[in-house]
Amino acid sequence: MAVFIDLNVIYTPEKSHLRSLIETAAHLGFSTIAINYVFDPSTKKKQELPSPLPIGDVMDKLPVVQGRSRPIRVLNRLTIMMSDASHIRPKPEDYGNFDLLAVHLSTEKLFHAACMTYDVDIICVPVTERLPFILKRAPVNGAIERGLVFEVTYAAAIRDSTMRRYTIANANIMMDICKGKNVILSSAAETALELRGPYDVTNLGLLFGLSDGDAKEAISSTCRSAVLHAETRRTVSGIVYAVRSSQQVAPPAADSESPPAKKARPDLILIDN
């Protein structure tokens, strides 16, 4: 049975609205969602990153996914609206509070840099207006080889007929360039009414130029690959990371001649990719 994922549910400071989004997503059958915090450095003088809201402050208990026996998984995502190369920070630890890192680009130069060099997880394809630059196959293929994914959202197409035309046109251009590979379909929903069920999103994928198989992967396995990519990005190349051991070593008895116990040390855990 497929696991459905929506990696773009727009953050709202209204906790009741955010709670409604999470509950609706679980009711529709999404096993994982990502709360998206949109950050535009060009409008922030101090360029302070937002802090994700602890899910415990939104609801006491996460709702159970319909058709499954486990609660929904909620991730935190940061999307940077980039109009200049200085808007992304070189230190990965600056984004340590977020599970996923995405960039929304306004120039061809930034798009090429994001595809080839930026240490991110998701590249957002503009859908609410005419594409500001021409998508080229070389950087797109480079991003695919690096494990990045391209995101196409559909909520704007629900709100406005003009945005609907741009969404369909831009999505078809993207699918023609990448051949349906490494594409995720997300809602970018601001209200619960803008969320659609997984099979409705699959049908939208057909309209966007995806094949039936690629459309299903765009809300399941490809999204999962993006989450795994984000997890390995925060480790040492996805090979090894250290965690503090929880085991406590009992101190030796006073009359014992045995050497003092060593302090707990980090355990090395291998990640099998």
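**Reading the model**

Guide: Begin with A188, which counts as buried because its relative accessibility is 14%. Buried means under 20% relative accessible area, exposed means over 50%, and partly exposed lies in between, with a 1.4 Å probe and protein chains only. This is a predicted model, in which local features need pLDDT of at least 70 and side-chain atom pairs count only at pLDDT 80 or more, while totals for chains, interfaces and linings use all residues. Residues are numbered from 1 along each chain as its sequence is written, and side-chain values use heavy atoms, with hydrogens and water left out.

Visitor: Where is the place of A188?

Guide: A188 sits in the loop between β7 and α6 (198–207). Helices (H or I, at least four residues) and strands (E, at least two) are DSSP runs, numbered from the N terminus. A188 also has a positive phi, near 55 degrees, and is a residue other than glycine. N182 is not a glycine either, and has a positive phi of about 55 degrees. N182 belongs to the loop between α5 and β7.

Visitor: How do I read a sheet, and what is the order of the strands here?

Guide: Start with pairing: two strands pair if DSSP finds at least two bridges between them. Here 7 strands form an open sheet in the order β1-β2-β3-β4-β5-β6-β7, with parallel pairing. At the edges are β1 (4–10) and β7 (183–186), each pairing on one side only. On average, neighbouring strands of this sheet are turned by 30 degrees against each other, direction ignored. For such angles, axes are lines fitted to C-alpha atoms, for helices over the stretch in contact, and angles run from 0 to 180 degrees between N-to-C directions.

Visitor: How many bridges join β2 to β3?

Guide: Strand β2 (residues 30–39) is joined to strand β3 (residues 73–82) by 8 bridges, and the two run parallel. F39 stands opposite I80 in β3. Further along, 6 bridges join β3 to β4 in parallel, with L78 opposite L101 in β4.

Visitor: Is strand β4 mostly covered or uncovered?

Guide: Strand β4 (residues 100–105) is mostly covered, with 5 of its 6 residues buried. β4 pairs with β5 in the parallel sense over 3 bridges, and A102 has I122 of β5 as its bridge partner.

Visitor: What kind of unit do β4, α2 and β5 make?

Guide: A crossover is right-handed if, with the strands pointing away from the viewer, the path from the first strand over the helix to the second runs clockwise. β4, α2 and β5 make a right-handed β-α-β unit.

Visitor: Now the helices. Which residues of α3 are buried?

Guide: In general, an α-helix has 3.6 residues a turn, so residues three or four places apart point the same way. In helix α3 (residues 137–145), the buried residues are P139, V140, G142, A143 and I144. They pack against α2 (108–116), β5 (122–124), β6 and α5, where contact means heavy atoms within 4.5 Å. Just after α3, G147 takes a positive phi of about 90 degrees.

Visitor: What does A215 touch?

Guide: A215 lies in helix α7 (residues 212–217). A215 is buried, because its relative accessible area is 0%. Not counting residues up to four places away in sequence, A215 touches T202, G205, L206 and L210. A215 and T202 are 13 residues apart along the chain, and their C-alpha atoms are separated by 5.2 Å.
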